[in-house]
Amino acid sequence: MDERRRRLVEDLNDAIEGELRVDRVALAAYSTDASLYEIEPLAVVFPRATRDVEILAAYSADNNIPLIARGAGSGLAGSAIGSGIVIDFSRHMNQVLSISADRVRVQPGVLREQLNNQLREHDRYFAPDPSNSRICTLGGMLGVDAAGAHAVRIGSARDHVFSMECVLSGGQRMELGRESLATRNPTTHATSLDRDSAVILSESPLKDNLQLSAMTSMTRRTHLIQQVTQILRENAELIRELQPPLLRNCCGYLLRGILQGEQLDLSRMLVGSEGTLALFTEATLFTMLLPKHRSAAILMFGSMDSAIQAMQLILPLEPSACDLLDRRLLSLGRGADQRFRDLILPDAEAGLIIEFPGSHEREVRQRLDDAQRLLKDRQIHFQLTRQASTYDEVEMLWALPSRVVSLLASLKGVSRPLPFVEDVAVPPDQLAEFLLAAQRVFQKHEVTATLYSHAASGQLHFRPIIPVPNRGDETAMEAIARDLYRKVWEFGGTITGEHGDGLSRTAFIRTQYGALYRTFQQIKEVFDPQRLMNPDKIISNDPSLTVKHLRRTRPLGKETVAAPSGPLLPVMQLEWTAEQATEAAVRCNGCGICRINVNPLRMCPFSESNGEEEVSPRAKANVVRNSLCSDSMQEILTQEDTTRLLESCFNCKQCQLECPSEVNIPHLLIEARAQHVQAHGLSKTAWLLSRVHSYSRMASRISFLTNQLLNNGLFRRILQRFTGISARRRLPKFTQTPFLETKRVTRADNSGAPGSTKPTVVYFVDYFANNHDPELAEAFVRILEHNGYRVFIPPAQTVCGMAMFVNGDLTAARALAEQNIRELVEPAREGYPIVCTEPTAALCLSQEYPMMVASDDAEIVAQQTIDAGAFLAGLHRKGQLKQDFAPLPIRVAWHTPCHVNALRRGTPMLELLALIPELTVQTIDKGCTGMAGTFGIAAANFEKSIAIGAELIREMQTIDVIAGVTDCSSCRMQMEQAATIPTIHPIKLLALSYGLMPRLAERLKAKPGGLVMS
Ligand SMILES: Cc1cc2nc3c(=O)[nH]c(=O)nc-3n(C[C@H](O)[C@H](O)[C@H](O)COP(=O)(O)OP(=O)(O)OC[C@H]3O[C@@H](n4cnc5c(N)ncnc54)[C@H](O)[C@@H]3O)c2cc1C
Ligand code: SF4
Ligand code: SF4
């Protein structure tokens, strides 16, 4: 730890109630946001209350340390990163404090969606609607003056603020809102404050002789109001002239309209100040009645020109929103979701989503009809693909832009749509002409750009498609920005309408505002004379900010030992190169969607259980990228704090599925863990648990004794002591004869030899069915045979090795993979499907083997592997599955395992269960069970595992069914952990219904109990 950080810890750790972090993981996690930039902070603090913020602000002023406020870090301009102390308000200061008739008092870390969920009960909402409302915080929204599609009617964040509690540099806390100047006498006060004023308005930062933290809040407040008033009065003409009244503008400080007669609207000015003037610790916001009726429609056009013409005709009809999407966004939408596929014509070049509000349903429909009639009268060709008037339908239409904007980051290739000029705004009536001019700029630079526009307010989100930049390398970013911004200014527009200036635009503010920039500097000096509040944002003399802090996106090091000097590229443990791994990590654009885990997404279970940024998939991508791009990868990945991060992933793969860029976090983490294991070896528990298969044979031989011991508390405590296997976990009983040792497998006609008249299936049994549930294996074989298949069960197959793979024990995992590949590759070459009843095994063979073993054989095995559900459902869809199912008049509860999702074939087992007459299946939708293979068996993880699976465990205790059903053996363990009913594999229900194994009816009556499963 460096000296500055050590001092910080000494000085602040005990002084604040919240936490202070200076370790590698926290620093890497907070060195980026959703922008293209990266700056390592000095420290990260999670304040628990305003008092902490006051202490930090006083300490910062006394010790000249910058402070950077942060919410969800979803800003695109790089305004929530910096080299000082990052203050994350989202961790603890996230409460809605009170709700009154038309106002709400909140802490800054509250999520916009969280607030609106609460307000909906009162028929009200906080209106500004950025498209990432689910994750952005109110502090961040106020920080950038966020707005959204409906800005033309409802304005932006600053139009909805009554007052804010602020902490200023120096530590003074004060409520700032609409200040009445009528009772003050500015001139008299100014005289009494002459000494301070002189210093504050000086060119240079405050000198040591005035200690800011020594001022009282009252003095500071009076002083501030005086000074701001004076500056606004003196510069009134300049402001009027140089800050035009645009519908959307958050470039620089908003000074226009702040001083009106004897009213000084300080909160309005502070909104959009990007943490450069004050830290917001609470805010009173106005709420609005939810619109009584809305009607929206999506229109498709054959050309961008006709969409723009249509938009210009519609705008005078005063829609509450009119958004324009280009061809690329539409095709992303079509590919993203079946719901959108129906809305978007495959050959559409542009689309408009329009919305009208009203007090009656008839009225809103009429307004929509009027708009259509107008377009038809003017002979604009369009096709209305969906009209919506209920709340859910309208929201579904708005889900389209929200989804596709995130998906832009998923476009693959060296060049990608990048957000650096993504937020210009022009007067709406200039939009069509400006688009042509912008097009010419992009042509000049030989780039294309994606376009999404809140056309009604003149807001344009362009993303030029250029190579992903790397710090220090040539990039066209600045040149494109300069040329585009020139056009923006020619059209009377602004370089940022709703995302703020941050690092991407600060260098251009001076040119946009000319002489008014000096006034911004004066305002900054009043609030922050030492320039410690989010330095280099809005106010800066550095002309290179747009590219100076770009992220590092290439691994540091050279490929060969022959390279003359410098570090070598790190040796990778998985079958990819350092460049490929870095490329995977760089795909994370920091959007922050993975920070939280709320329905309908099934995001990282670790984020869900403790909401920490440092264990979010975003942080994981950052830490691994950081280590790959530095010259000390091993050192970073093997630090103790990094180890904790590495342990917060069990390869459930949900982040990869939900992430718009499909960032391969699971493999990045396994690579990192493998590097760690390479350096330090495996823990004893991980070693033992991943090798259960090697001593299970012995356990089976004496299963009568083993199973009694497993249910004995004293024995289990001793077992925990020596092995780390939790004494509280209900474990599966061992079978006397493992399935792979039964006659079914050992008999001579168990063969995959070509030439059979029947179609052949290769069955990969895996650990659980072999050692604990051979009935499942038998049931599956009988189902296949019943459907006319020959089943080949390779006798020398072993466990898939997922437990070792997840732990980063790659040498051992690779040995198992090679053995299985040897066993499976010949039948795979024959074209036989390799079918797994364990979804994890299917995943391991199909997705992990090629990352462990670089051979064609591994690829062939991967391609032929399929899970049992998908295989049987495939037969059913082809009309080849026998339908002689007998009724099962029972009720069961279904859980979808994460690894079934990860296989990306839907939930085929549910389709199959639907074939059983009279079977009622109730779906439990409670996310990950938290069991994750051997993770939940280890005593060290037991509490966390139970916490992640808490809702599901509770549901299994209360639900009115006779059994749980799932195809993952690990999930099954968690479902039975506290339940009094069994959980069984769906294959068994199918076999029972087919009448192939009547004894399985008994399984539905078996009860888990004590320390063992049913
Ligand atoms: C996919 C995607 C879509 C987006 N869509 C929109 C959109 O439609 N409209 C829109 O306006 N923006 C949009 N954004 C940009 C951004 O997410 C929003 O502006 C959002 O409001 C930022 O909130 P946050 O909590 O992430 O703030 P952060 O990014 O953490 O911070 C934003 C700024 O606010 C400051 N800040 C944060 N908390 C405080 C505080 N307590 N006191 C003082 N300053 C503070 C920070 O210093 C920083 O300058 C989008 C971003 C993404 C990734
Ligand atoms: S991992 Fe994906 S969802 Fe998470 S921040 Fe990165 S891009 Fe966004
Ligand atoms: S694989 Fe699962 S546990 Fe790991 S980071 Fe992704 S969501 Fe979290």
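The shell around ligand 3 is made up of nine nonpolar, one polar and two charged residues, where Ala, Val, Leu, Ile, Met, Phe, Trp, Tyr, Cys and Pro count as nonpolar, Asp, Glu, Lys and Arg as charged, and the others, Gly among them, as polar. This is a predicted model, in which local features need pLDDT of at least 70 and side-chain atom pairs count only at pLDDT 80 or more, while totals for chains, interfaces and linings use all residues. Residues are numbered from 1 along each chain as its sequence is written, chains are lettered from A and ligands numbered from 1 in the order in which they are written, and side-chain values use heavy atoms, with hydrogens and water left out.

**Ligand shells**

- Around ligand 3 stand Cys-604, Pro-605, Phe-606, Lys-620, Cys-649, Phe-650, Asn-651, Cys-652, Lys-653, Cys-655, Ile-665 and Pro-666, a residue being near a molecule if one of its heavy atoms lies within 4 Å of it.
- Two or more residues of this shell come from each of α23 (605-610) and α28 (665-680), helices here being DSSP runs of H or I with at least four residues and strands runs of E with at least two, numbered from the N terminus.
- Ligand 2 is surrounded by Cys-588, Asn-589, Gly-590, Cys-591, Gly-592, Ile-593, Cys-594, Arg-618, Cys-659, Pro-660 and Val-663, and this shell divides into seven nonpolar, three polar and one charged.

**The antiparallel sheet**

- Five strands form an open sheet in the order β5-β6-β13-β8-β9 with antiparallel pairing, two strands being paired if DSSP finds at least two bridges between them.
- At the edges of this sheet lie β5 (96-99) and β9 (173-176), each of which pairs on one side only.
- From one strand to the next the twist averages 15 degrees, with axes taken as lines fitted to C-alpha atoms, for helices over the stretch in contact, and angles running from 0 to 180 degrees between N-to-C directions.
- β5 and β6 form a hairpin with three residues between them; three bridges join β5 to β6 (residues 103-106), and Ile-99 has Val-104 as its bridge partner in β6.
- Helix α4 (residues 112-120) lies across β5, β6 and β13 (279-286), at about 30 degrees to β5, contact meaning heavy atoms within 4.5 Å.

**The parallel sheet**

- A second open sheet has four strands in the order β24-β23-β25-β26, with parallel pairing, and its edge strands, β24 (790-792) and β26 (865-867), each pair on one side only.
- Strand β25 (residues 834-836) pairs with β26 in the parallel sense over three bridges, and Cys-836 stands opposite Asp-867 in β26.
- Helix α37 (residues 810-829) lies across β23 (760-764), β24 and β25, running at about 170 degrees to β23.
- Helix α40 (residues 868-877) lies across β23, β25 and β26, at about 85 degrees to β26.
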